[in-house]
Structure formats: structure tokens, C-alpha cells
Amino acid sequence: MTVWDDLVGQERVSEQLAAAARDADAFVTAAASDVPPPEASRMTHAWLFTGPPGAGRNQAARAFAAALQCVSPDRALGGAPGCGFCDGCHTALVGTHADVSTVAAVGSQILVEAMRDTVRKSFTAPANGRWQVILVEDAERLNEKSANAVLKAVEEPAPRTVWLLCAPSVEDVLPTIRSRCRHLVLSTPSVEAVADMLVRREGIEPDVAAAVARATQGHVDRARRLATDPAARARRAAVLKLPLRVEDVGGALRAAQELVDAAAEDAKQLAEERDGKETEDLKAALGAAQGGRLPRGTAGAVKDLEEMQKRRRTRTQRDSLDVALADLTSFYRDVLALQLGSRIALANTDAEDALERLARSSTPESTLRRIEAIAACGEALDRNVAPLLAVEAMTMALRAG
Ligand SMILES: [Zn+2]
């Protein structure tokens, strides 16, 4: 198992990254032994990963970060960096490597304040002497100030600094930034590739894997979550019942409240799973005995972590709402396909009765209008409209008639 195994259906991108990681490794090895470095042509200091949501652009960037930090002794024997097991790979993958910094949006923007330390770090040498990796998730959310800070940093990079920017499309990033990046395009993995991954990696029954892959339409994370987490399956089932429930104003408002509550509950659950362990790990790293006192001067690091966890919780709640919106959109697309007599395979075969009922009782025009209302809800959430307000406006528009 290597760091590339989690990239589903992205063989071409994996090959390019593996080649770059090999050259990067040769560069570091040569520098350490005072030999003039080889021409590391497949390695460069700024990369842009684009692709549709769920294709795995963040995972691709993280896998590359891990390969750059790989310290497996097999590398000297001709093995490729990115073993997936060594300390470098492992800590980079789980997000605790000292020379891998991650920047992600808080709400709708990446603020320059949130980037300041990272940008400063990008001008310094890596602590372990390999690479200083800066991974920017949601680079499309850089605002004017933070984009300028990134631009300055990629214009004059430190010799061992690598910027990995992730965005849905190349148009989402300033031309001045993207012209300095090597561009990698991830495509939507096929339903078959996702189903295959679920069977191989997660041990899911083939027919369940196929249904889940079809329902999530090439979104790898959502497919994995749906296949392995009964709570996620229950939430999806509830979401798919919504179109038949929103018959009157009362039903629409209740449905909205339930959607928002479910997202909050989801965020709470995920936070409970991750936060405690993360805090314990950090305290252990800082030198505290289990449950014991922290050494002097380290309380700030714990506080920073707790603030990050709080921001992440808000973000997770939003992500969870996005999943519900995606499920609803997919549902109405199936309705439209039935109404238009299209022969494409339905995504939500497990809700076929509801699909058919709605297809019969409404028109293609009203279905299109509903799909637009869901998109409008996503845009309102992007503008930081209060979730309940945005979702209520949507469920009101989904009502029959
Ligand atoms: Zn490794």
C-alpha cells in the first residue's frame, strides 16, 4: 500500500506526481552528499490541483506531500518515495508533519491573517531538511489580500519550499498565481472505479459498493462515508424523503429545521471522534504525561488547536449541508431524467418509487426550477446567509405546485 492508493481513478496524475517525487528525492539526496543536484525537471515548487468536488484534489496534494517527506530506506534500493508506512509518509498523511502546513478556508474566505505564519514559514528551510510543503485547500477562496501574499511567496520561493494549491478549476485562481504553477487536472472517477475501491479497501459487499458509488456519482469521500457509516446512510434516506414531505408551508419549514439540525449533529459527532484524540496527541507531543500538566509555555499551542477545531466544526456543518444539497440535486435530476424519458442510469435507484411519483405529478419545468432553488441555497450559504434562512427558502421553493 502506497500513498497513491487512495487516489481513485487518477492513474495519470499519480504517475506524474510519483515521477516528480522521485526527482525531488534525488535532489535532496544529492544535496545531502554535496554532489551537484541532478536536473530535477519533473519537480517544481508550485502545483495547482484542479478537479470536480470529490475527485480527490486535496488527497492528491496530500499524497504528494507525503511522498516528498518519505524517508523509507527502500528508496535507496530503487523503491519509489511514498511508501505510506514510514514516519515521513505517515505524519504527512495524518497532518502532524512539522514541514507540512495546511491552509483551508474558514467560512467563505481564506483570510490573510490566517495565512501570515504559514507564508512566513514558506520562506524558511524545512525543519527536517527535506521539503517545506504548504498545502492550500480551497485556493478559490483566497481573497485579494491572501492571494497577494501567496503570489509573493510563489514568486520567490525558498529553495526547498513547495506550494500545493487545490481549487475546482483553473479559472478560480489568479492568473498571476496559476502561471507559476504546474497544473494537474483530476477527473471525476468512474462509478466502477469508486465501487472497486470500496470493495478492495473497505471490504464492502460488491452490490452495496455499486449502489453507493452510483448514488454518489464519483464523489469518493461521500461514497466511502455512505458505505461505512450507518448514520450517513440514515441521513441520506431522510433527505431523499424530503421531496414528498414538503407539501405545505409547515412541512417545508419543519424539513428545513431538520436538515439544519442533522448537519449540526453530524458536525458534533465528527468533532467528538477527532478532537479529543487530537488534543491528547498534541499534549503528548508537548511532553505532558497522560492527563498531567503541560510544560510551561505550551498552553498557546493547545489553545490554537482548540480554535482550529472550532472553525472546523463550523466548516463540517456546512460540508454536511452540502452533502444534503447534492443528494437533493441528484434526486431531482433523476426525476427530470424520468420525465424526459432519458435512458441514462438513475443515481438513486433505492428511491425509485418516490422518483416515479414525483415524475408523474410534476412537470420538467417545475423540476428544473427546484434544481435551481437548491443551487441558490448553496450560493446563499457561500455568502454566509444563516443556514436556516437559506435552507427554508429552498424547502419553500421545493413545495408542490
Ligand atoms: Zn514513506
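**A zinc site and its aromatic neighbours**

Let's begin at the metal: the zinc ion has a tetrahedral site, with angles of 105 to 114° among its four donor atoms. Keep in mind as you look around that this is a predicted model.

Which residues hold the zinc ion? The protein donors are Cys70, Cys83, Cys86 and Cys89, each through its SG atom. These atoms lie 2.3 to 2.4 Å from the zinc ion. If you follow the chain through the donors, you can read off their spacing as C-x12-C-x2-C-x2-C. Two of these residues, Cys83 and Cys89, are both buried.

Now let's turn to the aromatic rings. The structure holds three aromatic pairs. One of them joins Trp47 and Phe64: the ring centres are 5.0 Å apart and the planes stand at 70°, so this pair counts as edge-to-face, a label that needs planes over 60 degrees apart. Where do the two partners sit along the chain? Trp47 belongs to strand E1 (residues 46–50), while Phe64 belongs to helix H2 (residues 57–69), so the pair ties together parts that are 17 residues apart in sequence. Trp47 and Phe64 are both buried.

Arg182 lies over the face of Trp47, at 5.4 Å from the ring centre. Thus Trp47 pairs with Phe64 edge-to-face and has Arg182 over its face.

Finally, have a look at another tryptophan. Over the face of Trp131 you will find Arg160, at 5.9 Å from the ring centre.

Conventions:
Residues are numbered from 1 along each chain as its sequence is written. This is a predicted model: local features need pLDDT of at least 70, side-chain atom pairs count only at pLDDT 80 or more; totals for chains, interfaces and linings use all residues. Side-chain values use heavy atoms; hydrogens and water are left out. Donors are N, O and S atoms within 2.8 Å of the metal (3.2 Å for Na, K and Ca); water is not among the atoms, so sites may look incomplete. Four donors count as tetrahedral if all angles lie between 85 and 135 degrees; four count as square planar and six as octahedral if opposite donors are over 155 degrees apart and all others between 65 and 115; anything else is irregular. Buried means under 20% relative accessible area, exposed over 50%, partly exposed in between (1.4 Å probe, protein chains only). Rings of Phe, Tyr and Trp (its six-membered ring) pair if their centres lie within 6.5 Å; planes under 30 degrees apart count as stacked, over 60 as edge-to-face and the rest as tilted. Helices (H or I, at least four residues) and strands (E, at least two) are DSSP runs, numbered from the N terminus. A charge sits over a ring if NZ of Lys or CZ of Arg is within 6 Å of the ring centre and within 35 degrees of the ring normal.
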